Amino acid sequence: MAGHEPQLNETFAAELRKSLRGDQLSASPADLRSHATDQGPVTDYHEPAVVVWAESIADVQAVVRAAAAHNVPLVARGAGTGVSGGAHATAGSVVLELTRMNTILEINAEDEIARVEPGVINGDLNDAVAEHGLMFAPDPASYKISTIGGNIATNAGGLRCAKYGVTRDAVLALDVVLADGSLIHTGHRTFKGVAGYDLTSLFVGSEGTLGIVVGATVRLKYLPAIVRTLAVFFPDVQSAAAGVLALGAARVQPCILELLDGQALRELDFRNGSNLSQRGNALLLIQFDGLAAEQEETLAAAALSESGGNVSREDPAEAQRLVDLRRNNRGLDMDAENRVGEDVAVPRSQLVHYITALEEMAVRHGVNLQVIAHAGDGNLHPTFSVPGMDAISIKALNDALDESIDKALELGGTITGEHGIGQYKLRWLPLEQAEQVLELQRNIKALFDPQGILNPGKAIPPATS
């Protein structure tokens, strides 16, 4: 436990002090404790030996070079909003926090790009580019506090993924400090570019295991002038999931298409004083944007009415309230030992089958379940919980989690849609990827980080002997 953690190497510490000010370093118990974990489940708790706040690329390079020289593990961190343990500290590690590198370096409205440091908050970038009629499309639920660097590290998604894709689809170029402290630039300022291997995409989603992102050029989208929102309530969650396919058959393209089951609606009501559960046992929250939004809304309303939905066209204020409620219904509580929110994705054609299977396994294992989903791209967040902390309850919770992963894979899905592997999901990755594929990734890791100092124990499981 924390009291038995390896102490900070004094030679290494002295080297850090040569390059950094005193207020950029801390080994205080409070700072070590607050930087030990992100918001993911903790399977192997360690506090770092020291926390470092970088304020420039030169700072990052100095820390990485010192870590390489003394073989010290290095965990890069943004706001710590990840939920898979990708920013958990490891034994004897330095946690390198990048939140002070928070400058928007450039906004080019004509080229529709922005250049940012990694500590820029997603919501702040959107506020800045909105003045130019633009937006940064990736919008994780934590967008008001999560950093662009963290979004890149996890390839974060969000509500608008249904139309605009995930973070990787918005990243054009990166500045990266490698494990030896050298700085490289990947990618381009242009929307198209196929020169060489796509190293930019490789770094996105690599969770700080291949290099440390210190700058990004991101693509911007037009801020829509017209937005229309539908709240469509159904008698059961299976009917709502079937409504997703009905929208596809109607050939409309929502920018937001979210599904909430009855238990999720009841929890929202309990926390916020709303009355959503009185309007139905499941909700499809749908938003269209752009010049065709009104036409698409009309087509969607007709298709979902035919599918048994109770369609309500929401005014802008109510629409914003509903979207905010949806964004905030995960992350109110950190995942705990008796409550875990999952992140799987299945083909959209399997949504009904998967949700039905989740309900059946929850009953069989005796655990509580609520389901929310970015239904537009088949990414579900089922949350399992048990009331107690006794061994029987925890076993039931873990059995349900394991079975939910197995079922998602059986239906052609994946173990993580947007949260990443981190530390928590390492045990399940071999179920999805063959050993040959895992070994290729280990070899890539070894090429970029031969000492294995960058975020060890994350993203890729070690080889089994």
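Mentor: A nonpolar core is a set of buried Ala, Val, Leu, Ile, Met, Phe, Trp, Tyr and Cys residues joined through side-chain atoms within 4.5 Å. Keep in mind that this is a predicted model.

Trainee: How many residues are in the largest nonpolar core?

Mentor: Look at the members that touch the most others. They are Leu259, Leu284, Ile286, Tyr354, Leu380 and Phe384. The core they belong to has 52 residues.

Trainee: Which residues does Leu259 contact, leaving aside its neighbours within four places in sequence?

Mentor: Contact needs heavy atoms within 4.5 Å. With the sequence neighbours set aside, Leu259 is in contact with Val237, Ala240, Ala241, Leu283, Leu284, Ile355, Val371, Ile372, Ala373 and Ala375.

Trainee: Which element gives the most residues to the lining of the second largest cavity?

Mentor: That cavity holds about 40 Å³ of space. Three elements each supply at least two lining residues: α9 (262-272), β14 (282-289) and α11 (316-328). With three residues, the top contributor is α11.

Trainee: Is Glu314 buried or exposed?

Mentor: Glu314 sits in strand β15 (residues 310-314). Its relative accessibility is 15%. The cut-off for buried is under 20%, so Glu314 counts as buried.

Trainee: Which side chain makes a polar contact with the side chain of Glu314?

Mentor: Leaving aside neighbours within four places in sequence, Glu314 is in contact with Thr229, Ala231, Arg279, Ala319 and Leu322. The polar contact spans 2.8 Å. The partner is the side chain of Ser312.

Note on methods: Residues numbered from 1 in each chain as written. Predicted model: local features only at pLDDT ≥ 70, side-chain atom pairs only at ≥ 80, totals over all residues. Heavy atoms only, no water. Buried < 20%, exposed > 50% of the residue type's maximum accessible area, 1.4 Å probe, protein only. 1 Å grid on protein atoms, 1.4 Å probe; cavity = no way out; pocket = protein on both sides within 12 Å on 5 of 7 lines; lining within 4 Å. Points joined across faces, edges and corners; volume = space filled by probe spheres on them. Helix = DSSP H or I, 4+ residues; strand = E, 2+ residues; numbered from the N terminus. Polar contact = N/O pair within 3.5 Å; in protein donor to acceptor, adjacent residues only side chain to side chain.
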